[in-house]
Structure formats: C-alpha cells, structure tokens
Amino acid sequence: MDLHKHTEPQVQEPAAARVADLRASDAERDRVADILREALAEGRLTPDEHAERVEGVLNAKTVGELEVFIRDLPAAHSRRAAPGYSPAPNHPTDPLPHDPDDNVVAVFSSAVRKGRWPAGRRIHAYAVFGTVEIDLSEAIFEYQQVVIKAIAVFGNVEVRVPENVSLRGTGGGVLGNFEVDTVDSGDPQAPVIYVDGWAVLGNVEGRPKRGKLVADILDRVQRKVDKGLRKHLDR
C-alpha cells in the first residue's frame, strides 16, 4: 500500500462561474432583450445583428449564454461595475421560530395555499396519501428567509415560487422523489425559500412558476424606510 499518495488540491470554482452555469429565467431573457433593444435604438447594432442576437437569447439555456450577446455593449459593463454578486446561503442564517407560522395538512385529501397570502418564516406541509400545493408566486414576503418543511408519505407536496427569488432544497427521499431546483436571484434583497423534509414513497417538488415575479420587494423596503422616517419625525 502506498502511504505517500499525493492528491491534487481542489480548486474552488469562482462564484461568477457558478452563476454563469445557472439556468436562465424568462425575466433574465427579457432583461437581455431590453439591452439589445436599446442598443438597436442607439445605432450600436444593425437590424440584422439585433435580430440574430434576439434569436440567440430565446434559445439560450444558461445565464452565461445570455451574457455573450451583450458583452460588447456598454450596458453589460455598467452592470459589472456594480457591487459583486453573492449567491444565497445554502442554509438559513436568520433565527427561525421553533413552531410553524402555518400548517398545511392533507390526509387522504388535498390542501392549497395560493394567491395573495402572507408567507411566514416557517411553513410545515404534510401530505399523507394526499396532495399539498404551496404557491408563493403571489405571496407577500414579510421576511427574507422562508423555510418550508415538507413531509410526503405516499403523497405529494408541490412548492411553486416566483422566478426572481432564490430557492434551495436540503431534504431527501426514501423510496420517493425529493426534487427542488436551485435558483439564485440577482437582487440581494430578494426572498430566499428553503425547502426541507422527506419524501417517503412520495414526492416533494419545488420550482419557479414561469412568468411570476415578486412585485413588492422594493415596496417592502420602501415601507420600512417610510416607517423609520415617520418615527424620527414624531419624536
């Protein structure tokens, strides 16, 4: 036995490279298309060049493939001059309550949370021979980090989130399927949804809902600023 084997040091991949490999969302394609539209209006691109690049944007699969079509335009360089982007942490960093803010239970039945509803910091979902649907695409996020504890036993738990949030999955399956897409938002203020739990002879699934965006992120920040100003003026 060779006791003097040397292993090559592992080189950690830069965060920018990891982001470039992420699947592109419709919102990101729209952003790049807007930059190309402005470049056409400014005369930086000919109509043929614009049409060719737009076609490439529609066919692009990753964020890195999208950036290729705007890397020679000023708008792309102005974005790189902004503060560096950091992916969302893989586990919650904010203190969370031990008890759930909301329990969604389906036993030989179905249960749904959807529409304009306030998402708490901790949501528990239990599907036993049933189906639970948690749709956060129009939810009001009062907290930046939201944990969904999903338990599916011969059942199904489906979690849908907006495209412009971050999504992480940290659970597993026992003769079942636990599948949560990894999504990163470019907005450091965007909510982060963590889906945890187990699928036992069942299914737990989490993914973005196409075309749905959180519209109240900046509004929420502005409300906090306004509230602080009112407190200061009332003194």
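Reply: Strands here are DSSP runs of E with at least two residues, helices are runs of H or I with at least four, and both are numbered from the N terminus. This is a predicted model, where local features need pLDDT of at least 70, side-chain atom pairs count only at pLDDT 80 or more, and totals for chains, interfaces and linings use all residues. Residues are numbered from 1 along each chain as its sequence is written, and side-chain values use heavy atoms, leaving out hydrogens and water.

Me: Okay, how many bridges join β8 to β13?
Reply: There are 6, and the two strands run parallel. One example is Arg160, whose bridge partner in β13 is Arg207.

Me: Which sheet order are they part of?
Reply: The order is β2-β5-β8-β13-β11, an open sheet of 5 strands with parallel pairing. β2 and β11 stand at the edges with a single partner strand each, so one side of each has no neighbour in the sheet.

Me: Switching topic: which residues have the most contacts inside the largest nonpolar core?
Reply: Those are Val132, Leu136, Val157 and Ile193, in a core of 30 residues. A nonpolar core is a set of buried (under 20% relative accessible area, 1.4 Å probe, protein chains only) Ala, Val, Leu, Ile, Met, Phe, Trp, Tyr and Cys residues joined through side-chain atoms within 4.5 Å.

Terms used: Buried < 20%, exposed > 50% of the residue type's maximum accessible area, 1.4 Å probe, protein only. Pairing = 2+ DSSP bridges.
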